[in-house]
Amino acid sequence: MRLENKVAIITGAASGFGEGMAKRFAEEGARVVVADLNAKGAERVAEEIGPNAMWTQTDVSLRSEFDEMIYAAKSAFGRIDIMVNNAGFTHRNGDMLGVDEETFDLITAVNMKAIYHAALAVVPIMDRQGGGVILTTASTAGLRPRPGLTWYNASKGWAITATKSMAVELAPKNIRVNCLCPVAGETGMLEKFMGADTPEIRERFRASIPLGRFSTPLDIANAALWLASDEAAFITGVALEVDGGRCI
């Protein structure tokens with residue numbers, strides 16, 4: 001039970017990587033806050049986990065909703081030990097000049113500004129508790145960008161840099177800050193990453209991964225579990241590639 005007596009908030013937890021993390025963390029003893037804009041999905045995941053989970057409908061781009069999520073978590077479980085910034089958004093793979101301003105603003109709000117909101121909300125709480133863990137889902141796109149996802153790539157590069165800077169600044173408070181860099185996986189955003197979902201495009205993407213497959217929610221959840229646990233007590237400022245060798 002590597003997360004026994006820990007409380008974890010996971011955003012974007014109604015599906016995909018976030019759902020995988022929520023269920024895996026609960027298996028290891030954590031009490032989990034399943035947060036997502038998709039209320040139905042969040043409720044489903046929390047119900048499947050059981051009494052050690054609660055759900056909130058949260059738009060992480062808005063500070064007011066972030067604060068409501070934190071209040072709900074504290075009211076239900078009394079503390080916050082782990083904050084997982086997993087919610088993400090992307091534009092469709094294509095010409096960088098074809099991305100409209102509304103989409104660009106949403107990418108920066110969800111992939112970047114939400115990390116700022118999270119820090120303002122949880123760092124004082126973790127400081128009072130004597131420490132904590134902040135974990136962000138970044139992407140291989142922030143390490144090895146390719147044409148077609150330029151603005152998404154840039155947002156994930158920002159997340160990686162923010163992770164490293166936060167790690168150094170928060171280390172004296174015993175708050176560890178790391179991020180995951182998954183390769184494309186079977187999530188709701190896969191079609192946008194590829195531009196279109198055809199067997200040919202899938203095979204082209206798969207061929208770029210040395211281990212020969214897409215990532216799975218369990219792959220990402222297991223990596224997140226380790227970084228969130230005391231087994232990684234001396235690990236901070238890391239952008240961990242969970243990518244089957246894609247970034248080599």
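Strand β6 and strand β7 (residues 239-242) run parallel and are joined by 4 bridges. The model is a predicted one, in which local features need pLDDT of at least 70 and side-chain atom pairs count only at pLDDT 80 or more, while totals for chains, interfaces and linings use all residues. Residues are numbered from 1 along each chain as its sequence is written, and side-chain values use heavy atoms, leaving out hydrogens and water. Helices (H or I, at least four residues) and strands (E, at least two) are DSSP runs numbered from the N terminus.

**The sheet**

- The open sheet has 7 strands in the order β3-β2-β1-β4-β5-β6-β7, with parallel pairing; two strands pair if DSSP finds at least two bridges between them.
- Its edge strands, β3 (53-57) and β7, each pair on one side only.
- From one strand to the next, the twist averages 20 degrees.
- Strand β4 (residues 82-85) pairs with β5 in the parallel sense over 4 bridges, and Val-84 has Leu-135 as its bridge partner in β5.

**Strand β6**

- Strand β5 (residues 132-137) runs parallel to β6 and is joined to it by 6 bridges; Leu-135 has Asn-178 as its bridge partner in β6.
- From β5 the chain passes through helix α5 (residues 150-170) to β6 in a right-handed β-α-β crossover, meaning that, with the strands pointing away from the viewer, the path from the first strand over the helix to the second runs clockwise.
- Towards β7, Cys-181 has Glu-241 as its bridge partner.
- Helix α8 (residues 217-228) lies across β4, β5, β6 and β7 and runs at about 165 degrees to β6 (axes are lines fitted to C-alpha atoms, for helices over the stretch in contact, and angles run from 0 to 180 degrees between N-to-C directions).

**Helices α4 and α5**

- Helix α4 (residues 101-129) packs with α5 at an angle of about 15 degrees, and their axes are 9 Å apart.
- The two helices, α4 and α5, are therefore roughly parallel (angles under 35 degrees; over 145 is roughly antiparallel, 65 to 115 roughly perpendicular and the rest oblique).
- The crossing of α4 and α5 is right-handed, that is, the near helix is turned clockwise from the far one by less than a right angle.
- Residues making the contact (heavy atoms within 4.5 Å) include Phe-104, Ile-107 and Met-112 of α4, and Trp-151, Tyr-152 and Trp-158 of α5.

- Asn-153 is in helix α5 and counts as buried because its relative accessibility is 8%.
- Leaving aside neighbours within four places in sequence, Asn-153 is in contact with Ala-141, Gly-142, Pro-145 and Arg-146.
- Ile-160 is also in helix α5 and counts as buried because its relative accessibility is 7%.
- With neighbours within four places in sequence again left aside, the contacts of Ile-160 include Cys-179, Cys-181 and Ala-239.
- The C-alpha atoms of Ile-160 and Gly-237 are separated by 8.7 Å, although these residues are 77 residues apart along the chain.

Technical notes: Buried means under 20% relative accessible area, exposed over 50%, partly exposed in between (1.4 Å probe, protein chains only).
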